[in-house]
Structures are given as structure tokens and as C-alpha cells.
Amino acid sequence: MTNIHSTAADMASALAAKEISSIELTKQHLDRIASVDGKINAFLHIDNAGALEQAEAIDKKRASGEKLSPLAGVPIAVKDILAQKGIPTTAGSKILEGWRPPYDSTVVAKLKAAGVVILGKTNMDEFAMGSSTENSAYGTTQNPWDLTRTPGGSSGGSAAAVAAFEAPLAIGTDTGGSIRQPAALTGIVGVKPTYGAVSRYGVVAYSSSLDQVGPFARTVLDTALLHEAIAGHDERDSTSINAPVPQVVTAAKRLDVKGMKIGVIKELSGSGFQAGVSARIAESIELLVAAGAEIVEVSCPNFEYALAAYYLIAPSEASSNLARFDSMRYGLRVGDDGSRGAEEVMSATREAGFGKEVKRRIILGTYALSSGYYDAYYGSAQKVRTLVKQDFDNAFAKADVLISPVTPTTAFKIGEKSDDPVAMYLSDIATIPVNMAGIGGMSLPVGLADEDGLPVGLQIMAPVMQDDRFYRVGGTLEAALLSKWGQPILSKAPDLAVQK
Amino acid sequence: MAAISRDDVAHLAKLARIEMTPAELDHMASELEQILGAVKRVQEVATSDIAPTSHPLSMSNVFRDDVVKPSLTNEEALSGAPAKADERFKVPQILGEE
């Protein structure tokens, strides 16, 4: 019986076999959203009419015998940072409140062309700056595992929607861990593809040399199906890689890691990581060995500087990218009473429209790029980026994939770190090096921490454009864990209906 | 590195076109100092023999054929404008400021 708890792959099969219509499946999800989203606030905009219209169109095409894409008729949630024609797109910011883009981002256009039904837009930290969704101008998203905790961020709304069975699939973006960290904290799968694998056209830019769009789902195979639906070259993104998309669906189904070398990163283990996180990672390593993989230890000595470099590079690029919010062509305009010039109106608008963290990063980036400080800060950070890439090159000379925990801890309490930016930044310590080097990484749920019963994520990383490798390892480990547990991890999550 | 003063932040805020109240400037100065204290670690390893990396891909001059394709209509392009007049964006006075 196909329902909201099914995998996307099973939903797709049931749709293809006409056991269920896309209209029925879409209604089930819209009903679920109506009943639980008041508790978790995963969505900023729910497009009931548009979703049903799209579902009906797919059902008609199927009835007429038209050949459809693998995910046709399956619903999805999209992070509110991707432009969707006619649908409010805020990037979690007041400065874009009410803006309805006149065009589709390439990823949204691909989803529409594939017949994937877009349910709505999900909550996020403003302009993707944050690790908890607490920086959203529209309220925090709650973690479905424990409503007093954050789902992580910045793509926290997308992760929470999938974990709460509001959608089987979701789109996120990952600049320093914004897909992998919320996936880890909510017990689902999230992938940051190789930089340039998925088009950034129509994605509100935060840090252009780091930003990447990627998939969320509850299984490795579902994640792979979505990955293949959105990846590929796009001439409208000049940083898009013009090469075939790795065969990630085939890799996800392979269920075999015999002879693979898996590198454990020494610097991303031990002290600094919660005991329950380390225990689940150690258990995963045992399962991979039992499945025939060889474990090697690798050292990445420069990773300890990656976080500092990231918090110079990303704000620097953001200070430039966010200059476009000038109150002239779209978005908010404040104080235009006829007596003030453009520059004053611009400054008043940006004061009113940007939140605290966004201002903090713009000012930090402006400082790091200003003359006299450029070499000491931005220039030094770019050199660290070179060192981080070298660390990965050396590690991948010894191993096919690398692994580490995704986060130092399980989901933290709402408010716990919101007044301490540096503490908040530390939650991205294991994910940031991947963005710096432009490689891909997956977050795979590998169990619950003993001390708090909350999900733990394993990060699996592969060299540039070898994303199939982490799908192969992830799929194998997922199967081993499932046979050990007897049921998927999300079946252990407390029922949202009884949570307060 | 010298301490970040309120005047420094005021200058940065002016460059970034963000109006800030005196209280915000004070708060931002202390936060900026804390963050810079944490991120200046990059200087420990950034020696002169290391080449900087500005981008993960080594692509440059990505061109495509110059072909006219359908694009936004005037109405669509102006659909999000805070103010418009005569099929154009209407903006506050630009010239005549100091």
C-alpha cells in the first residue's frame, strides 16, 4: 500500500503501475503538511493548487500512454532559495518578501520537465547563512525528532519536511554543509554533489565558489534518483561542468564495496565529537569492513584551518553577491518619500530588510576585502583553500572514498548557540573542507546516539565528479544497517501527533 | 591587529550601504573583533610559497554562441519592481547627492 511513508522509488513504481494516481499521492502529502506543519514550520509557502494541477497533468499524460521520467508524479519540497516562476521566493529574508520570480531556476525547470510535483517552498536561514534555520526571517523550523531542537541548517526546512513525511524528496543547497548537516540532524540522506554538477542558475547566490544544489531523501536510492533528475550541464551557469553525470542510481543499487579502500580522516575523529556520534561511526566502519572494504587512516592536517578560511571566503563573496539587493529592481524599498536620494534609500532598505547574521557577514566580508586587510585575511584564506585541496589529493591517493562524522554533535537545542556566532560556526567543522575543495559528499543516517536518542550522520566523500562512489558505499552501508535494525531509522522517531 | 572601533564599523557599514544605529555599531564592533580573532588563524599557515585558490574549478573564458533566444518581456522584468514608470524602473534621485 503506497502512502506518505513509502520510498520515492516505491511511489514511482506504484504510479507507473497505476496503483495510485499522482493526485491521490499529492493530496496525501498536502494533508500531512496541513496536519503537522504547524508544529515544525518546514514550509514558507504551500502551493496546494499548483501541486494538484501539476499532478493532474501528469496523471493525464500517463493515462494517454506518454513515456514519463522515473520520478514523474512524485511530490517534492524545494528550498526557498530557488526561483520558481510566479511562486514567492524569499531566501528566508524580509528583503525579498512578496517577490514572485518571473522565471524558473534550471533545477525547478528540470523538476517540472520530469513531472516531479512541487508541493511548496521550504524554510531556511536567511540567504543560507546559518546552521539551524534560526536566522530565517520567518521563524525557526523545529526538528521532527524533538520539537525543542533545531533541524540544522541552512536547508533545515527541506530536511524537516522529508523527515516528517511531508515530502519524500526535497531540494537543498550546501555552501558549507547546509544539506549534509540538516540531513544528519534529522536522520535522512543528503548529498552535496561535486561543485558544478548541478546548475546554480536561478539560485539566490550566497558564496558563488562554494554554493551547490543537491538532493534530500529518506533512502540512498531515492537520493540518487533525484540527483540524476537535477544534475547536468547548463549553459546558463558558466561554472557548470560539461561532462556526463556519474551513474549514481546504478551505484546506489550495487550493494557491494569489496576491495574498496575507505579512508578515515584522523583529524575528524576523537575529541571534539560527542561520544554517541563517535560510537555510531565506529560501528559503521565495522559494517563496511564486514562487507569487504579495506580501512586506511589518512591525515588532513590543514583541515583545522578550513573553518577559519571559510568564514573569510564566504562572507567576502556574500558581501559582493548581496550588493544586488539595492531596492531598485525588485524586493523591498524603504524610505522613498521623495526627499531622499538613491543611496539613502538603499541603506535604509538594507538596514530594514537584512537580519543580524546577514549584516554581520556582509560587514565581515567588506572588512576582509578592504585595502590593507585583503592579503592578511581573504588572501590568506585562499591559500588555506589550496592546502585543503592538497590534503584531499593526498588522502584520495590512498583511498577511494573518505569518511568522517557529519557533525560534532547531534541536534542542538533551539536558542543554544544563537547568541554565539563562533560556537554556531563550529557545527560545520567537518563539512566545510568538502566545499572548499569542490568535491562531493553524502550524509547517511547511521543510528541514534546512546546519550540522547537523536540521529547521527556519517559523511562519505569522493573526488571531483566521482559522486557515484559515495552512493555505492552509502547504499551498501544502508542495507547492512537496515538488516541490523530491522526497520528504517525514521520509524524510531517520536510520533509528531503526540509531540508538543 | 588593532581593535575594531565603532568608527571602523561605521565606515564598513557605509561602504556596504547598511544604515546602523549607534547601538548596532557597538554590538557589531565587538562581534567582529571576536570573529576576526577566531579566523585570523589562517595567517599561521598561509606562507608566501602557496598559490591562492579562488575557485574549485580551473575553467576560464566559458563562451557560448551568441544566439537570440526568448527572454523576459518588459512586463515580466518589471513585475517585481518597487516602483515603475513608462516601462522603466523608477528609482530615487541618483545625481545631486554629495
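1. In what sense do strand 5 and strand 10 of chain A pair, and over how many bridges? In this predicted model, strand 5 (residues 189-192) and strand 10 (residues 440-448) of chain A run antiparallel to one another where they pair, and three bridges join them. Within strand 10 of chain A, it is A:G441 that stands opposite A:K192.

2. Both of these strands belong to an open sheet of 11 strands in chain A, whose pairing is mixed and whose order is 1-3-2-4-6-5-10-11-9-7-8. Strand 1 (43-46) and strand 8 (294-298) of chain A form the edges and have a single partner strand each, so one side of each has no neighbour in the sheet. From one strand to the next, the twist averages 25°.

3. Helix 3 (residues 48-63) of chain A lies across strand 1, strand 2 (75-79) and strand 3 (117-122) of chain A, and the helix runs at about 160° to strand 3.

4. Turning to the two chains together, 45 residues of chain B are in contact with 57 residues of chain A. On the chain B side, helix 2 gives the most, with seven residues, and by class that side has 30 nonpolar, eight polar and seven charged residues.

5. One helix pair in this contact deserves a separate look. The axes of helix 10 (residues 306-321) of chain A and helix 2 (residues 22-39) of chain B come within 8 Å and cross at roughly 130°, which means that the two helices are oblique to each other. Here A:A308, A:Y311 and A:L312 meet B:I35, B:A38 and B:V39, and the residues of this contact are six nonpolar, no polar and no charged.

Notes: Residues are numbered from 1 along each chain as its sequence is written. Chains are lettered from A and ligands numbered from 1 in the order in which they are written. This is a predicted model: local features need pLDDT of at least 70, side-chain atom pairs count only at pLDDT 80 or more; totals for chains, interfaces and linings use all residues. Axes are lines fitted to C-alpha atoms, for helices over the stretch in contact, and angles run from 0 to 180 degrees between N-to-C directions. Helices (H or I, at least four residues) and strands (E, at least two) are DSSP runs, numbered from the N terminus. Angles under 35 degrees count as roughly parallel, over 145 as roughly antiparallel, 65 to 115 as roughly perpendicular and the rest as oblique. Two residues are in contact if their C-beta atoms, placed from the backbone, lie within 7 Å. Ala, Val, Leu, Ile, Met, Phe, Trp, Tyr, Cys and Pro count as nonpolar, Asp, Glu, Lys and Arg as charged, and the others, Gly among them, as polar. Two strands pair if DSSP finds at least two bridges between them.
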